[in-house]
Amino acid sequence: APQFPRYTRAEVAQHRTPKERVWVTYGTEVFDVTDFVELHPGGPDKILLAAGGALEPFWALYAVHGQPHVLELLRDYKVGELSPEDAAPPPGDTEDPFAGDPPRHPALRVNSLKPFNAEPPPELLTQSFLTPNELFFTRNHLPVPAVEPGSYRLRVEGPGGRALSLSLSELRQRFPKHEVTATLQCAGNRRSEMSRVRPVKGLPWDIGAISTARWGGARLRDVLLAAGVGDHTGDGEWHVCFEGLDTDASGTPYGASIPLKRALSAEAEVLLAYEMNGRELPRDHGFPVRVVVPGVVGARSVKWLRSVAQKDYKGFCPSVDWDSVDFGAAPAIQELPVQSAITEPRPGAAVPAGELTVKGYAWSGGGREVIRVSGGRRWGGEMRYNVQPDTVGPIWNLRGVLSNAWHRVPVTVTR
Ligand code: HEM
Ligand code: MTE
């Protein structure tokens, strides 16, 4: 067998461009793939992402590389071995905080892989009124927490330092199961249309950051009453704060709040859900328990719920959410404005002359019913005489939220 020179990881890291030569490692071997960069079926930009480092974390995401012919191809480019001190801890996903994320449906359009943010293709969204769990849009800020259902406890803080600690089976057995069909929409839905006017911060959602499910669980109202929380909406601005089990590097959990009045309202039907479309809540959507707040921005529906507490308005909840963060001065987003979008035909489609069926969705924003959807000059979902703005310009904002202008789909008419 040929003898190969030994290199340290630091030496490999100096080869990141075609000019310096492009080196990568796989296992304990070093490869110079400069001449393959332009030939790469996945494109030169993709392969250059791994330049100077290990292939494993990238190939873990692109399973096409798990075929024998890919490894055979790589062998032709071998130039060395890693030096023993660097070869010892094999590179891999062991330290990747996202390594424990669940598998996902390949049809989802991914806006960010880590954390996972993805939306269903528009055509699938209007295929059925309830979005199948596997295709329901996913908005994660952090890795998906791994929760052992047997040891899960939900902490519900009551007045005077009292607190309730509920196991999953207590939550299921002590409180009647209530079911609600509710749509979740992210405040950043259709943000990509805003960035076309001027760049905005945030994930480039197309029209799919919205989905509908039938949720089953305990009413938040029942649980709060059991914890001794009474209706003291008279004295000040009380909120109910939710915290998730997903924490950022500083240990701050994802959190959000809703007014106590809504939390206690029987009509608002706020749920501590453990079922989604008749099945156990999937990991991406908050297993084992999430909040579902019908009719308001999706950010309030905290997943992987670990605690519920009351705060007066000055006690801000921790939050890592750019879409809904409490900036102090501005009131946090709760209800969203009237929204609609066209799912078929798709932009750029060639359509026959004559009559055309157009599909789409409409949403009232406040948990109210859509009265009608009008076309022509007043295109859009319409409820209680609220209409959508005709252009993005006047509603443009730096955070790229509440993007609800008329959705325009340019098509080519064929004869
Ligand atoms: C596809 C080799 C690095 C992303 C492929 C295929 C080969 C290949 C042979 C075609 C596989 C098939 O369809 O049978 C390599 C080699 C690499 C490398 C030798 C490093 C030396 C990367 C990296 C990424 C990447 C770092 C991503 C960051 C992709 C993608 C495809 C692909 C997305 C699928 C393209 C498509 O079919 O649309 N690669 N790859 N590759 N590779 Fe790589
Ligand atoms: N809850 C936790 N714990 N962590 C999160 O990242 N994202 C929020 C909300 N609840 C989030 C969360 C946001 S911004 C939205 S829009 C909804 O969850 C999305 O819910 P889904 O991923 O089930 O569609």
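A search of the whole structure, a predicted model, turns up 4 cavities of 30 Å³ or more. A cavity here is a set of points on a 1 Å grid over the protein atoms alone where a 1.4 Å probe fits but cannot get out. The largest cavity comes in at about 230 Å³, a volume being the space filled by probe spheres set on the points. Its lining has 20 residues, with Arg-139, Arg-290, Gly-298, Ala-299 and Lys-303 nearest the centre; lining residues have an atom within 4 Å of a point. The lining splits into 8 nonpolar, 6 polar and 6 charged residues, with Gly counted as polar, Ala as nonpolar, and Lys and Arg as charged.

Now for the metal. His-40 (NE2) and His-65 (NE2) coordinate the iron atom of ligand 1 at 1.9 to 2.0 Å, where donors are N, O and S atoms within 2.8 Å of the metal (3.2 Å for Na, K and Ca). These two histidines sit 25 residues apart, in separate loops.

Across the protein, 48% of the 415 residues count as buried.

On bookkeeping, residues are numbered from 1 along each chain, while chains are lettered from A and ligands numbered from 1 as written. Local features need pLDDT of at least 70, side-chain atom pairs 80 or more, and totals use all residues, with side-chain values taken from heavy atoms, leaving out hydrogens and water.

How values were computed: Helices (H or I, at least four residues) and strands (E, at least two) are DSSP runs, numbered from the N terminus. On a 1 Å grid over the protein atoms alone, a cavity is a set of points where a 1.4 Å probe fits but cannot get out, and a pocket is an open set with protein on both sides within 12 Å along at least five of seven lines; lining residues have an atom within 4 Å of a point. Buried means under 20% relative accessible area, exposed over 50%, partly exposed in between (1.4 Å probe, protein chains only).
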